[in-house]
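Please read the briefing below alongside the sequence and the coordinates. The notes are grouped by topic.

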Amino acid sequence: MSQVLLIEDHQTVRDGLQLALTRQGHTVHAVGTGEQGLERLRTTPSEVVVLDLMLPGMDGFEVCRRIRQLGDLPIIMLTARNDDMDVVAGLEAGADDYVVKPVQARVLEARIRAVLRRTGGDSRRGGDRAGPEQYGALTIDRAALVVSKDGTPVSLAPTELRLLLELSHTPGQVLSRQQLLEAVWEHGYLGDSRLVDACVQRVRAKIESDSSAPVFIQTVRGFGYRFGPL
């Protein structure tokens, strides 16, 4: 049973999702504003946040940024429309995934389970090599799920870590966005490259000396990404 914090201002939607997720075995704490959500996080343990972007007062983008500053808690955002600007802005703010309204409870529940598997350290690329791997200044310890640069630990959200582990498993091999969607987010049938591109940008900002000239995660135009340095 997982602890879910639902931040949604529309009461009908909030009540419906809370009921549906509860029936699936989750414990759901539901609030109507971003301020209430941040306060709830300070008092009640949560394993995943489901966050509406369009909130009164403090909007979902700011709430997402503040949650991400607090730690690596997974965030699934709800957006009222499949708007590229909203989706990209939410992903850049630190969200791990998103669901477009009107929300189908079974889709949201599947996304929650997927992100919780990533949070639990269930990496398909973890623990299959002995000892830490060294790539220039970057060290990846798959067994401990720890990444460091120049000896300093790098704080990566679960989805960011899984993406880096997936890419670095086969240095020099190009992986398409579709392959990364299926391996990391587990719902590649959507063909949504925005999830991959935004996550790559966040990882680059943390591990690259110059994210505009990346060494470790390189773009192969028209196809996907490969892990270096080569």
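Asp 52 touches Ile 7, Glu 8, Asp 9, Gly 60, Leu 78 and Lys 101, where residues up to four places away in sequence are not counted and contact means heavy atoms within 4.5 Å. The model is a predicted one, in which local features need pLDDT of at least 70 and side-chain atom pairs count only at pLDDT 80 or more, while totals for chains, interfaces and linings use all residues. Residues are numbered from 1 along each chain as its sequence is written, and side-chain values use heavy atoms, with hydrogens and water left out.

**Asp 52**
- Asp 52 is found in strand 3, helices (H or I, at least four residues) and strands (E, at least two) being DSSP runs numbered from the N terminus.
- Asp 52 counts as buried because its relative accessibility is 1%, the cut-offs being under 20% relative accessible area for buried, over 50% for exposed and partly exposed in between (1.4 Å probe, protein chains only).
- A polar atom of the Asp 52 side chain lies 3.5 Å from the backbone nitrogen of Met 54, and across the strand pairing Asp 52 stands opposite Leu 78 in strand 4.

- Five strands form an open sheet with parallel pairing in the order 2-1-3-4-5, where two strands pair if DSSP finds at least two bridges between them.
- The edge strands, each of which pairs on one side only, are strand 2 (27-31) and strand 5 (97-100).
- Strand 3 (residues 48-52) and strand 4 (residues 75-79) run parallel and are joined by four bridges.

**Helices 3 and 4**
- Helix 3 (residues 60-70) lies across strand 1 (3-7), strand 3 and strand 4, and runs at about 160° to strand 3; axes are lines fitted to C-alpha atoms, for helices over the stretch in contact, and angles run from 0 to 180 degrees between N-to-C directions.
- In helix 4 (residues 84-92), the buried residues are Asp 86, Val 87, Gly 90 and Leu 91.
- These residues lie on the same side of helix 4 because they cover an arc of only 125° around the axis, the arc being that of the directions from the helix axis to the C-beta atoms.
- The buried residues of helix 4 pack against helix 3, strand 4, strand 5 and helix 8 (193-207).

**Cysteines**
- The structure holds zero disulfides, a disulfide being a pair of cysteine sulfur atoms within 2.5 Å.
- Cys 64 is in no disulfide, and the nearest cysteine sulfur, that of Cys 199, is 12 Å away.
- Cys 64 is buried, with a relative accessible area of 2%, and Cys 199 counts as buried at 1% relative accessibility.

How values were computed: Polar contact = N/O pair within 3.5 Å; in protein donor to acceptor, adjacent residues only side chain to side chain.
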